[in-house]
Amino acid sequence: MKIELLLKTVCLLRKYDGKQYPETNEPDEHGQYEWSRADILGLYHNGIEFILSLKDVQVFEDQSWELIENNSIITGKPVNAYEIGKINFSDIVDYNFDRDEFYMYPHFFCEYLYKVTPFEKIYYQNTDKICETFER
């Protein structure tokens, strides 16, 4: 499969030595899951970027920001943002572009080396202004 066909494609990110797929997907003691669905955003110099979810962020006048949680008091400008995770090519142990009998998405089998996730970095990007990113 050509890489161009994968871009903007839904896929499964799986822990390469995970034991739960496909029967269950219970969080571990850190609240992380062994497999999850994500959208491929594109490539970066060391790997692949994935859109993990949509989050609400508030941006303050000094350009600082924070995620909006259920109990947050909104004092800044609310912004919808993609949560984007970066997986280094060296942390992708294997892949299956042919899909399987459970999910009709490509599968990436990854090392979970970063705070019990496969993402070497997670950042947020304004859905309306792609040049506006929020990083920790």
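This is a predicted model: local features need pLDDT of at least 70, side-chain atom pairs count only at pLDDT 80 or more; totals for chains, interfaces and linings use all residues.
Let us begin with the strands. Two strands are said to pair if DSSP finds at least two bridges between them. By that test β2 and β3 are antiparallel partners with 5 bridges, and Asp39 faces Ile51 of β3 across this pairing. On to β3 and β5: these strands also run antiparallel, joined by 12 bridges, with Leu54 opposite Tyr82 in β5.

Strand β3 has a further partner in β4 (residues 65–67), again antiparallel, with 3 bridges. Here Gln58 sits opposite Glu66 in β4. The hairpin of β3 and β4 has 5 residues between its strands, and Gln63 takes a positive phi near 70° in it.

Now turn to β1. It pairs with β2 in the antiparallel sense over 5 bridges, while its pairing with β7 is parallel and has 4 bridges. To describe how covered a residue is, we use relative accessible area: under 20% is buried, over 50% is exposed, and anything in between is partly exposed (1.4 Å probe, protein chains only). Because 5 of the 6 residues of β1 are buried, this strand is largely enclosed by the rest of the structure.

The largest one here has 13 residues, and Leu13, Phe50, Ile87 and Phe108 have the most contacts inside it. Strands β1, β2, β3 and β7 each supply at least two residues of this core. Another core, of 8 residues, lies apart from it and includes Val59, Trp65, Ala81 and Phe134.

Next come the rings. Rings of Phe, Tyr and Trp (its six-membered ring) form an aromatic pair if their centres lie within 6.5 Å; planes under 30 degrees apart are stacked, over 60 are edge-to-face, and the rest are tilted. The count comes to 10 aromatic pairs. In one of them, Tyr21 and Phe102 have ring centres 6.1 Å apart and planes at 90°, so the pair is edge-to-face. Tyr21 lies in the loop between β1 and β2 and Phe102 in the loop between β6 and β7, so the contact ties together parts that are 81 residues apart in sequence. Tyr21 is buried, at 13% relative accessibility, whereas Phe102 is partly exposed at 46%.

Tyr21 also pairs with Tyr103: the ring centres are 6.1 Å apart and the planes meet at 40°, so this pair is tilted. Tyr103 is partly exposed, with a relative accessible area of 28%. Tyr21, Trp35, Phe102, Tyr103 and Tyr105 form one aromatic cluster.

A charge sits over a ring if NZ of Lys or CZ of Arg is within 6 Å of the ring centre and within 35 degrees of the ring normal. Arg14 lies over the face of Tyr21, 3.7 Å from the ring centre, and Lys86 lies over the face of Tyr44 at 4.6 Å.

In one, Glu49 meets Lys86 at 3.9 Å, N to O. Glu49 lies in β3 and Lys86 in β5, so the pair ties together parts that are 37 residues apart in sequence. Both Glu49 and Lys86 are buried. Glu135 forms a salt bridge with Lys121, with the closest N and O atoms 2.5 Å apart. Glu135 is partly exposed at 41% relative accessibility, and Lys121 is partly exposed at 31%.

Terms used
Residues are numbered from 1 along each chain as its sequence is written. Side-chain values use heavy atoms; hydrogens and water are left out. A salt bridge is a side-chain nitrogen of Lys or Arg within 4 Å of a carboxyl oxygen of Asp or Glu. A nonpolar core is a set of buried Ala, Val, Leu, Ile, Met, Phe, Trp, Tyr and Cys residues joined through side-chain atoms within 4.5 Å.
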